Amino acid sequence: MTDLADLTPLVPDMTAWRHHLHAHPETAFEEVGTQAFIAERLAEFGLEPQLGLGKTGVVATLTRGQSNRAIGLRADIDALDIPEANTFAYASKTPGKMHACGHDGHTAMLLGAAKYLSEHGGFDGTVHFIFQPAEENEGGGKAMVEDGLFDCFPMEAVYGMHNWPYLPFGHTAVALGPMMASFDVFEITLTGRGTHAAMPHKGDDVLLAAGELIVALQSIASRLIDPLDPVVVSVTQIHGGDTWNVLPGSAVLRGTVRAFSAATQDAVEAAMRRTAEAVASVHGAAASVRYERRYPATINDPREGAFCAEVLGGLVGADKVDTQPRPNMGAEDFAFLLDKKPGAYVWLGTAGPEGGVPLHNPAYDFNDAALPLGAAYWVRLARAALPVR
Ligand code: NI
């Protein structure tokens, strides 16, 4: 069994890779330099990187022994549209973009595992290293699946990991079921007859309707869905009106919905349509609702979750593995992979003693101390899933 010490010789490499990626952030489906960097490293390890799945994705395959069993290990590689606040030497060189979610660390840890396993093997079967683009907003996981990820690279299970600054360093979590929420977006357009602001009765006040609708939408989570079924409905934008004395003829609300099952997503959408139409009609206005499902919920296979918990326990100690974490209402497009294959997604705690900067904060920086831990998890997972008999 590998321990952390085995990965120590790789720490300088992993750190250098991580810092290079951090300095050169690229966002959804534009990870061209990142893709080339990953492919170059994999080629150095003697692997043959396959490019193009999900546009800027990379997959490399490593086979040892005779078994025809296969698994996939996935890292996301994209950055965010956030101007970086850090000033250290490897801070983003691209204005307006930064690695604020630690995907630079995810990439470096999976590269480290690929290098280690290429050199040391210790498993019987095939490991597919999956470097996935566009985790943020755009669903690169979906794109890779649609481009034939599981047809080109057959595998029986797939595994994911995220650094988690909300857990102390060295602590980990893996749910034996729902882990992260679904991610839907909506846009509600209210239309009516615009009018003079001093004579509201001559038109339809879509701004008053919008105000009432923001409040009414909160009844979906509190009154219309089972209270034991977590739902968030957040209105995040409101646009309407241009001047002081005009009631405009239209207003637009936009926002996001989070839930943990397709049935709840359906119920929320139906309730939203009813509520929007009813509130609009009170004011003589009309409502049109565009409701778009972006990511399904990330739901671990219970057996695979327990397997990952055992692997994590061997690494950090069973007392530092939480198998009943509170699910997070954030979303993760690894859900598209778990939708097709058994597998599990784990959180690797990275907070220092002073606490962690939250993900997506302009001062975020992946905790390099976690590099050997994450890489060791991948190595142990591959060896445990594909044991040499
Ligand atoms: Ni992330």
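The structure is a predicted model, in which local features need pLDDT of at least 70 and side-chain atom pairs count only at pLDDT 80 or more, whereas totals for chains, interfaces and linings use all residues. Residues are numbered from 1 along each chain as its sequence is written, and side-chain values use heavy atoms, with hydrogens and water left out. Helices (DSSP H or I, at least four residues) and strands (E, at least two) are numbered from the N terminus.

H3 spans residues 32–44 and H4 residues 103–120; their axes come within 10 Å and cross at roughly 15° (axes fitted to C-alpha atoms over the stretch in contact, angles from 0 to 180 degrees between N-to-C directions). H3 and H4 are therefore roughly parallel (under 35 degrees; over 145 is roughly antiparallel, 65 to 115 roughly perpendicular and the rest oblique). Phe37, Ile38, Arg41 and Leu42 of H3 meet Thr107, Leu111 and Ala114 of H4, contact being heavy atoms within 4.5 Å. This contact of H3 with H4 comprises 5 nonpolar, 1 polar and 1 charged residues (nonpolar: Ala, Val, Leu, Ile, Met, Phe, Trp, Tyr, Cys and Pro; charged: Asp, Glu, Lys and Arg; polar: the others, Gly among them).

H4 also packs against H11, with axes that come within 8 Å and cross at roughly 50°; the two helices are therefore oblique to each other. The crossing of H4 and H11 is again right-handed. Among the residues in contact are Ala108, Leu117 and His120 of H4 and Trp378, Ala382 and Arg383 of H11. By class, the contact of H4 with H11 holds 11 nonpolar, 3 polar and 1 charged residues.

Contributors to the contact include Phe307 and Val311 of H9 and Tyr377 and Arg380 of H11. This contact of H9 with H11 divides into 12 nonpolar, 1 polar and 1 charged residues.

The largest pocket holds about 310 Å³ of space. Of its 19 lining residues, Glu136, Met180, Gly330, Ala331 and His360 lie nearest the centre. A pocket is an open set of points on a 1 Å grid over the protein atoms alone where a 1.4 Å probe fits, with protein on both sides within 12 Å along at least five of seven lines; lining residues have an atom within 4 Å of a point. Volume is the space filled by probe spheres set on the points, which are joined across faces, edges and corners. Strand S5 (residues 157–168) gives the most to the lining, with 3 residues.

Key:
A crossing is left-handed if the near helix is turned anticlockwise from the far one by less than a right angle, and right-handed if clockwise.
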